[in-house]
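Work through the exercises below with the structure open beside the text. Each task is followed by a worked solution.

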Amino acid sequence: MKRENIILLVVFVLLALVPFAAEFTGQSSWTKLVGQALIYGMAAASLNFILGYGGMISFGHAAFFGVGGYVVGIMYHHFDAGTAFLGFIPGTDQMLITLPAAVLVAGLAAAVVGALSLRTGGVQFIMITLAFAQMFFFLFISLKTYGGEDGIMVRRTNALPGLDMKDKATLYWVVLGFAAAYYLFLRRLVQSSFGQIIAGIRQNERRMAAMGISTYRYKLYAFILSGMGAGLSGALMVNFLRFASPDMMHWSKSGELMVMVILGGVGTLAGPFIGAGALFTLESMLARYTEHWMLPVGILLLIVVMTSKGGLMALIRKLTGGAK
Amino acid sequence: MILLFEQLLNGLQYGVTLFLLAAGLTLIFGIMGVINLAHGALYMVGAFAASWVAIQTGSFWGGLLAGLVASAIAGIVVELGVMRRLYARDHLDQVLATFALILIFNQSTVLIFGRQPLFTSVPEIFSGSVQILPGLPYPTYRLFVIAVGLAVAVGLYFLINKTRVGMLVRAGATNRQMVRALGVNIQGLYTAVFALGALLAGLAGVMASPIVSVQVGMGDEIILATFVVVVIGGVGSVKGAFVAGIVLGMFDTMLRAFLPATLQQVMPGPEAQALGVGLSSMGIYLMMALVLLVRPRGLFAARG
Amino acid sequence: MKKLLTTASLLVASMVPAYAEGTKIGVITTLSGPAGYLGEQIRDGLTLGLQATGAAFELVVEDDGRDPNTGVQVADRMLNEEGIKLLTGIVFSNVSGAVVPEALDAGAIYVSPNAAPSGLAGAKCNPNYFVVSWQNDSLHEASGAAAKKLGYTTAVALAPNYQAGKDAIEGFKREFGGEVTEIYTGVEQSDFAGEMAQIRDKAPQVVFQFHPGGQGIAFLKQYQQSGLLGSIPMVLSEPSYDGVILKAVGPAAVGVTGTTHWNADFDNEASKAMVAAWAAAFPETPLTTYAQQAYDTGLLIGGALNKAGGEDVAALQAAIKAADFTSTRGHFAFGANQHPIQDWYMTEIVADEAGNPKIVTKEKIREAVGDVYAADCKM
Amino acid sequence: MTHVLEISGLVKKFGGLTATDHVSLTVDTGEIHALIGPNGAGKSTLINQICGEIIPNAGHIHLAGREVTRLPPADRVALGLGRTFQITSLLDDMTVRQNLGLAVQAREGGNFHIFDRAAKRAEIWDEVGETLNDTALSPRADIAAADLSHGEKKQLELLMALSQRPRLLLLDEPMAGLGHLESQQMIDSLRAARSDCAMLLVEHDMEAVFALADRISVLVYGRVIAAGTADEIRANPAVREAYLGEEDA
């Protein structure tokens with residue numbers, strides 16, 4: 001087995017043991033903390049695919065995260081109320097239905113946003129994706145049926161046949177399973193034929209066009225795939241927290257996802273997960289000691305960006321002697 | 001009719017505030033190629049410094065001076081301490097660093113001034129209203145804000161078009177390498193531009209402080225609209241920032257003022273209200289998306 | 001600099017609780033961002049209230065950053081790791097929507113000093129969930145009643161375009177009964193010049209507006225600057241004219257009518273004690289209804305702790321449910337959904353000797369009212 | 001027979017400047033057609049119109065009998081157009097092998113597959129191996145493109161363009177910046193490739209032009225002032241005056 005795979009396996013096993021360790025040490029909230037970090041890691045990793053591998057700096061990624069979350073929330077709402085969405089789509093609390101639906105709807109949203117945004121580039125692309133995300137935010141904030149700015153409560157986590165989803169550890173393992181699968185999917189994706197084309201477009205779009213690649217179509221496809229990933233993580237987050245709210249698509253959430261990617265390491269597979277974990281743990285640890293946690297978080301972020309290029313992944317590589 | 005005119009004035013006043021913020025941002029953006037998310041924090045610094053000094057001394061003008069000085073100093077410190085090391089990095093690192101700066105500025109403000117909003121009032125000579133049309137009294141202070149904004153626009157026009165510094169700034173916005181090749185003290189120019197941008201943001205903050213609530217995070221709300229202005233106007237173009245600022249200010253105000261009522265005439269009640277307000281909140285973003293789809297580099301892009 | 005020191009000492013004070021041996025109470029509240037002062041008021045009011053009861057308690061305070069995710073994270077740690085069985089403190093209903101179910105599922109009690117989302121007030125009410133503040137609807141109904149009582153028949157009602165804003169206007173309309181023009185403002189809007197022009201154009205007899213926090217400050221300032229303050233009367237509900245807002249707007253608020261469930265000039269022992277304790281502890285900071293609600297929460301919780309202790313959740317729940325405390329607002333009882341039944345008062349903002357705004361209670365306008373959701377609650 | 005490339009009456013204006021002024025020319029199968037002219041004559045503008053990066057104001061471009069005047073660049077590549085750039089344009093972070101691999105992959109298709117492994121596509125890597133064999137780049141195959149010498153970059157770019165198996169290859173100053181020996185190698189490579197595809201060669205190096213070109217067109221101020229064989233162009237007085245006279249002086 002390759003060294004990289006061994007490390008992955010070890011990390012996976014360690015993560016799988018988190019609920020036990022948390023219980024054993026009496027720090028049981030770690031299960032939830034790590035679970036949330038994993039979901040954010042997935043969202044950040046989906047962003048990293050277009051941002052790090054594809055060179056498309058999207059500042060509106062939280063929109064798809066939120067859309068995915070709201071699909072779960074809205075379906076649960078109708079399930080709970082016994083009504084139908086748009087009058088003909090019945091609600092459900094089955095994860096096997098809600099998650100694919102969330103992925104699909106987020107992908108559709110990404111298709112529309114991407115199709116328009118990708119006509120621009122550079123700073124304009126950053127801003128136009130932000131603009132679309134803001135439109136989603138304002139749309140959901142004025143949806144009275146679904147709680148407006150207060151959001152929707154999802155009183156019970158979606159059901160998965162054969163599992164007791166009320167159990168925190170079970171839910172955590174489900175999340176871990178999705179995160180691991182998503183990691184492997186991304187690993188395969190960046191090595192695939194399509195992944196190579198996307199990497200080529202990031203490095204030299206003009207050259208790729210001269211080789212007969214209609215870059216727009218490939219970038220759009222990447223944008224949609226990435227939006228679907230964000231939708232999946234949003235749907236998981238709503239299941240995990242049992243709550244969906246417009247905060248999920250606020251522009252500061254897009255910014256946070258971006259920070260996770262940059263902090264962890266742009267264009268690396270593990271970077272976004274590491275970045276999400278680091279930022280999340282840092283915030284929540286510091287918040288325990290001081291109400292002014294934003295100050296040390298800000299200073300630490302600044303130090304990281306000023307002193308190292310390539311984020312925490314670069315640091316880890318340096319420390320482990322250049323090994324992958 | 002009077003209502004329409006008043007709303008136009010309101011739009012103009014909002015527009016010049018956006019212009020003050022966007023002018024600095026677009027220069028920093030265009031010349032140094034830096035995405036400065038923390039520009040709104042400088043607006044906040046200006047507002048807080050001005051309010052605090054105004055409270056202590058009882059003088060709005062003392063506050064104005066303090067706000068300008070404080071924001072310019074904050075700008076210089078940020079440029080020397082942080083931005084200077086990031087010019088060569090890509091946009092992403094700049095985004096992260098300036099995001100960190102927002103956290104630092106906001107929380108430091110909490111530590112220094114506390115969490116409660118500060119109170120400032122309109123200076124005595126501008127406290128009343130002026131009867132600009134029969135039946136339309138308009139707050140003198142807002143007219144003052146409009147005048148200051150327009151004066152800054154004229155000043156910037158002369159600075160950029162008629163002075164040597166302005167020539168360098170223009171050249172820098174079009175071609176960074178060329179300015180370097182001219183043997184200019186590029187570091188000095190960068191610091192100066194950054195300080196100028198910070199000063200203008202601070203000025204916007206000072207002017208807004210008697211109108212809005214001077215509170216932590218006040219810059220984060222307006223910075224998005226400012227970015228929209230910069231992008232619609234064209235990155236690096238002060239003229240673009242001016243035109244886009246005014247147009248956007250008016251467009252936004254008009255939408256808020258008239259769209260819900262207009263929709264109500266063609267649709268049944270409450271839904272029309274909700275839709276109208278939703279649409280007018282989205283208005284500026286919708287406008288940016290449309291402009292970029294037609295002109296992907298904005299209206300007055302400096303770089304070809 | 002003095003401010004800095006005060007803040008620093010407060011910070012220390014909050015981290016080193018006075019009664020380190022007592023029952024742990026988890027306080028999840030918003031301390032960062034523009035709304036941070038609300039959390040500060042709640043934390044400090046709660047502390048004073050608890051101290052007034054002499055109960056043995058230990059506060060574990062943490063910031064939720066107005067983010068439901070953070071709130072749940074914090075709640076999870078408090079509930080499962082530190083074994084806390086009693087939570088309170090949340091300012092915003094979007095946070096409480098996420099946190100309250102978490103607490104209830106863990107078998108803990110949540111007592112709300114402020115946020116009271118309608119989603120938890122009706123059919124989804126819960127024996128372990130209490131609200132000490134007020135339900136949104138009843139708050140704004142009081143303003144409608146006040147405007148009606150003052151003899152007005154036409155109004156312009158303004159509120160931000162989110163759920164609480166819509167509820168506010170609905171509540172106002174319900175009791176007002178006259179002709180109402182509704183204007184919704186932007187969620188993050190801070191310049192209301194356009195709305196001022198519309199108000200002038202409509203020329204109603206009265207203006208009702210609901211803009212808590214910074215928006216309220218901006219609105220009142222601009223209302224005065226546009227010259228409307230003297231010409232069209234304004235009626236407000238308490239979150240739009242709290243002490244902090246008044247301090248920030250200065251004379252711009254004088255002449256405005258407000259409705260509230262409590263005011264600093266209330267003539268009862270509990271209220272006087274609280275005002276005195278607050279003035280001694282935080283001379284620089286105005287006492288708002290947020291702090292008062294939290295103080296009442298402190299009295300309620302402290303009393304219940306004294307009676308039932310902190311170990312037995314069921315006993316504690318019963319003690320809280322009894323609401324056996326002397327509220328700073330005078331009459332207080334829990335309705336069927338464990339939300340308050342209380343009186344509402346009309347107040348007026350007048351200028352004190354220094355010309356600064358001061359709230360004076362005028363009269364009681366509604367007596368012993370609960371909320372419309374209580375009927376749906378089957379407990 | 002049809003021409004591989006046929007340009008007729010092409011006009012492109014930038015503001016008041018006419019960069020391409022009613023240009024007409026053809027390239028036939030197996031032919032190397034050179035386009036020469038002083039700096040600013042509009043050669044790159046013309047190339048970019050043929051590639052589709054710039055859309056002309058008037059006139060027509062036909063590629064292998066199909067009108068392509070307004071098609072996007074990628075669609076023209078599908079019809080058999082390949083190109084090299086005046087300033088070499090490679091995928092800098094990738095190795096020589098990966099650069100070539102991507103060029104082959106772009107031609108072979110399957111580019112939307114997300115579950116395969118590009119590194120395991122034998123049809124690609126076999127071909128890349130064959131292409132690299134016997135070239136000077138062979139020992140440098142696993143070096144990042146950014147680290148190659150200027151001459152090697154030019155060479156790699158040509159190999160990438162040829163890997164697309166174009167019918168027509170647009171060469172934008174392939175000799176620029178090359179030493180004498182490297183130029184000779186480039187001329188040899190081009191000569192070897194002429195059996196596979198026609199070429200439109202933009203070049204300043206007259207020695208190379210005369211060594212390779214079957215026909216030469218001379219572009220001055222956006223207009224074709226002369227066209228013909230090498231000998232005809234050498235003898236043309238207008239060309240001597242407008243162009244060669246100055247350049248050779």
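The exercises that follow concern a predicted model, taken first by chain and then by contact.

**Exercise 1. Do the corresponding analysis for chain D, using its secondary structure and its radius of gyration.**

Solution. 
- Step 1: Count the elements. Chain D comes to nine helices and 10 strands.
- Step 2: Apply the globule rule. For 249 residues the rule gives 18 Å, and the radius of gyration of chain D is 19 Å, so chain D is as compact as a globular protein of that length.
- Step 3: Take the extent. A box of roughly 55 × 40 × 35 Å, along the principal axes, is filled by the C-alpha atoms of chain D.
- Step 4: Buried residues are 43% of the 249 in chain D. Among its contacts between residues at least 6 apart in sequence, 66% link residues at least 24 apart.

**Exercise 2. Classify the packing of helices H9 and H10 of chain B by the angle at which their axes cross.**

Solution. 
- Step 1: Locate the helices. H9(B) covers residues 218-233 and H10(B) covers residues 238-266.
- Step 2: Read the geometry. Their axes come within 8 Å and cross at roughly 125 degrees.
- Step 3: Classify the angle. Angles of 65 to 115 degrees count as roughly perpendicular and those over 145 as roughly antiparallel; H9(B) and H10(B) are therefore oblique to each other.
- Step 4: Assign the hand. The crossing of H9(B) past H10(B) is right-handed.
- Step 5: List the residues. H9(B) contributes Val228(B), Val229(B), Val230(B), Ile232(B) and Gly233(B). From H10(B) come Gly240(B), Ala241(B), Val243(B), Ala244(B), Gly245(B) and Leu248(B).
- Step 6: Sort them by class. The contact of H9(B) with H10(B) has eight nonpolar residues, three polar and no charged.

**Exercise 3. Describe the side of chain B that touches chain C, and state which element gives the most residues to it.**

Solution. 
- Step 1: Count both sides. The contact joins 39 residues of chain B to 35 residues of chain C.
- Step 2: Find the elements. Those of chain B that each supply at least two residues include helix H1 (2-32), helix H4 (91-113) and strand E2 (136-139).
- Step 3: Pick the main contributor. H1(B) gives the most, with six residues.
- Step 4: Sort by class. This side of chain B has 20 nonpolar, 14 polar and five charged residues.

**Exercise 4. State how far apart the nearest C-alpha atoms are for chain D with chain B and for chain D with chain C.**

Solution. 
- Step 1: Chain B and chain D do not touch, and their nearest C-alpha atoms are 13 Å apart.
- Step 2: Chain C and chain D do not touch either, with nearest C-alpha atoms 33 Å apart.

Technical notes. Residues numbered from 1 in each chain as written. Chains lettered and ligands numbered in written order. Predicted model: local features only at pLDDT ≥ 70, side-chain atom pairs only at ≥ 80, totals over all residues. Axes fitted to C-alpha atoms, helices over the stretch in contact; angles between N-to-C directions. Helix = DSSP H or I, 4+ residues; strand = E, 2+ residues; numbered from the N terminus. Parallel < 35°, antiparallel > 145°, perpendicular 65-115°, else oblique. Left-handed = near helix turned anticlockwise from the far one by under 90°. Contact = placed C-beta atoms within 7 Å. Nonpolar A, V, L, I, M, F, W, Y, C, P; charged D, E, K, R; others polar. Rg over C-alpha atoms; globule rule 2.2 N^0.38 Å. Buried ≥ 20, exposed ≤ 12 C-beta atoms within 10 Å, placed from the backbone.
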